Amino acid sequence: MSTTLIQGATAPASAIARSTDWPFLGAAVAITALLIALVILDGEPRSAALIIAGFGLGIVFLKSEFSFTASWRRFLVRGEAGGLLAALLLIAVAALVIVPMAAARQSYGGAIAPLGPSLVIGAFVFGIGMQLANGCGSGTLYTAGGGSGRMLIALLGFIIGCVVGSLQLPAFLALGGIDPILASDLLGPWGGLAATLASIAAAAVIVIAIARRRGAGIAPPRPLVVGAVAIGALAIAAFLAGGHPWSVTFGFTLWGAKAASLMGVDLSNAPFWQWPGPKHALGDSVLSDTSSLTNLGILLGAMAAAAAGKPFARASWPPLPSLAAAAIGGLLMGWGARLGFGCNIGAFVGGVASGSLHGWVWFAAALGGCAVGIRLRPLFGLSRD
Amino acid sequence: MRTVYALVLAVGLAALLADHLTSPSSGRAVSPEDFAGACAPCGAPCPSVQKK
């Protein structure tokens, strides 16, 4: 006897059991538990907290289908503001804790970065890549973890692009630039928070005005609002556990450099890998790097959430041009993220939520890159919408 | 696609465990920003320092 599930009706327990992909759900939970056990054995409960925060982020991203890439594309193509406003809400929630704590507590710090050609070029190229790959830093992580083989290829390209970018970043930094500008340095913890929230509100007003002029929708769908608040809260948890705002792409760079070392390519003498932070990360366990911990949590959380609801990774592979777009988009994002000091999470969310001016510069440049990337999508058989 | 995922999961886990078990672990997880002179999440130095 076949059972037909009607949307909105409560699914019988037997149907839920049949739709759960136990091997992949079990693997995701077991690997997460193993990673938590390893870092606890090292005597670091805060590392376990980062893995758990990442796991939660993976679930929330997947369930709310929170997408920076699609939101920005809808805004640029149709003028729809809902997704972009949800992203600004996410940043405002995170800023409530990050700006004052990073300014007032010595053990915490904000996401800062220099302003210069490297930031602008990197963010612009990242924007092109995110529209070709159809996912950004967090998007690539949670969709790859959620069972999209296409995004697994984008992730591989992302990692390779990050490593190439790490080798070229010092040359781009030599083009010049100015030191980071942080609102809390100028106005103190609470003045910095007020200025940050005011800048987010101003951006929201501009986005709404553009949407109204184009006759497009403004209100974010409810799942996006819930997702934005939940992701903002988990970003705060990652900040409290890691001491810095949540970031993604340094982890990819480290994974790529370690993989290159395994294949006999020694990067340790490259200028980037001689800087104290990267040098320490390359020599240490990957589980000692904060962004790797949250990245692994997101991948596994998304895998668990996807496998809990339906058979995992059952879709067929997309056409070759679409796979090529994923690979090229991933490469561009990786290269751009290294030059631009992060992705939409580390640079845009983390930067703006820290009250750092580079976050807004990154956003403007990446949005410009998105406009170019949207025009390139049809070359790979992807829609402009 | 499931086979590819199973393979990626197995290889990724093996590489991660091998790296963790053969590399020193400083205990507390850190970010490149935690080190002196870092001016970005990747640990890049500030332009004012580079000019010197």
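## Close-up views of a two-chain predicted model

Figure 1. Of the 145 residues in the largest nonpolar core, the ones touching the most other members are A:Ile51, A:Leu90, A:Ala94 and A:Ile231. A nonpolar core here is a set of buried Ala, Val, Leu, Ile, Met, Phe, Trp, Tyr and Cys residues joined through C-beta atoms within 7 Å. A residue is buried if 20 or more other C-beta atoms lie within 10 Å of its own, exposed if 12 or fewer, and partly exposed in between, with C-beta atoms placed from the backbone. Helix H5 (residues 82–104) of chain A gives the most to this core, at 15 residues. Helices (H or I, at least four residues) and strands (E, at least two) are DSSP runs, numbered from the N terminus. Please keep in mind that this is a predicted model, in which local features need pLDDT of at least 70, side-chain atom pairs count only at pLDDT 80 or more, and totals for chains, interfaces and linings use all residues. Residues are numbered from 1 along each chain as its sequence is written, while chains are lettered from A and ligands numbered from 1 in the order in which they are written.

**Figure 2. A:Ala94 and A:Ile236, a pair in contact.** Setting aside neighbours within four places in sequence, A:Ala94 is in contact with A:Gly232, A:Ala235, A:Ile236, A:Val349 and A:Ala353. Two residues are in contact if their C-beta atoms, placed from the backbone, lie within 7 Å. A:Ile236 counts as buried, with 21 C-beta neighbours inside 10 Å. Not counting residues up to four places away in sequence, A:Ile236 touches A:Ala94 and A:Val97. For a sense of scale, A:Ile236 and A:Ala307 are 71 residues apart in sequence, and their C-alpha atoms are 27 Å apart in space.

**Figure 3. A:Pro100, a proline within a helix.** A:Pro100 lies in helix H5 of chain A. With 19 other C-beta atoms within 10 Å, A:Pro100 is partly exposed. Leaving out residues up to four places away in sequence, A:Pro100 touches A:Pro189, A:Trp190 and A:Leu193. A:Ser354 is 254 residues away along the chain, yet the C-alpha atoms of A:Pro100 and A:Ser354 are separated by 8.6 Å.

**Figure 4. The crossing of H3(A) and H7(A).** H3(A) and helix H7 (residues 137–145) of chain A pack at an angle of about 85 degrees, and their axes are 10 Å apart. That makes H3(A) roughly perpendicular to H7(A). Axes are lines fitted to C-alpha atoms, for helices over the stretch in contact, and angles run from 0 to 180 degrees between N-to-C directions. Angles under 35 degrees count as roughly parallel, over 145 as roughly antiparallel, 65 to 115 as roughly perpendicular and the rest as oblique. H3(A) brings A:Gly58, A:Phe61 and A:Leu62 to the contact, and H7(A) brings A:Ser138, A:Tyr142 and A:Gly145. These residues divide into three nonpolar, three polar and no charged. Ala, Val, Leu, Ile, Met, Phe, Trp, Tyr, Cys and Pro count as nonpolar, Asp, Glu, Lys and Arg as charged, and the others, Gly among them, as polar.

**Figure 5. The crossing of H8(A) and H11(A).** The axes of H8(A) and H11(A) come within 8 Å and cross at roughly 85 degrees. H8(A) and H11(A) are therefore roughly perpendicular to each other. From H8(A), the contact includes A:Phe158, A:Ile159 and A:Ile160, and from H11(A) it includes A:Phe252, A:Trp255 and A:Gly256. By class, the residues of this contact are nine nonpolar, four polar and no charged.

**Figure 6. Where chain A meets chain B.** The contact takes 54 residues from chain A and 37 residues from chain B. On the side of chain A, the elements giving two or more residues are H2 (22–41), H3 (45–64), H8 (149–173), H11 (249–262), H12 (276–283) and H13 (290–309). H12(A) supplies the largest share of that side, six residues. By class, the side of chain A that touches chain B has 26 nonpolar, 20 polar and eight charged residues. Chain B itself has two helices and zero strands, and buried residues make up 31% of its 52 residues.
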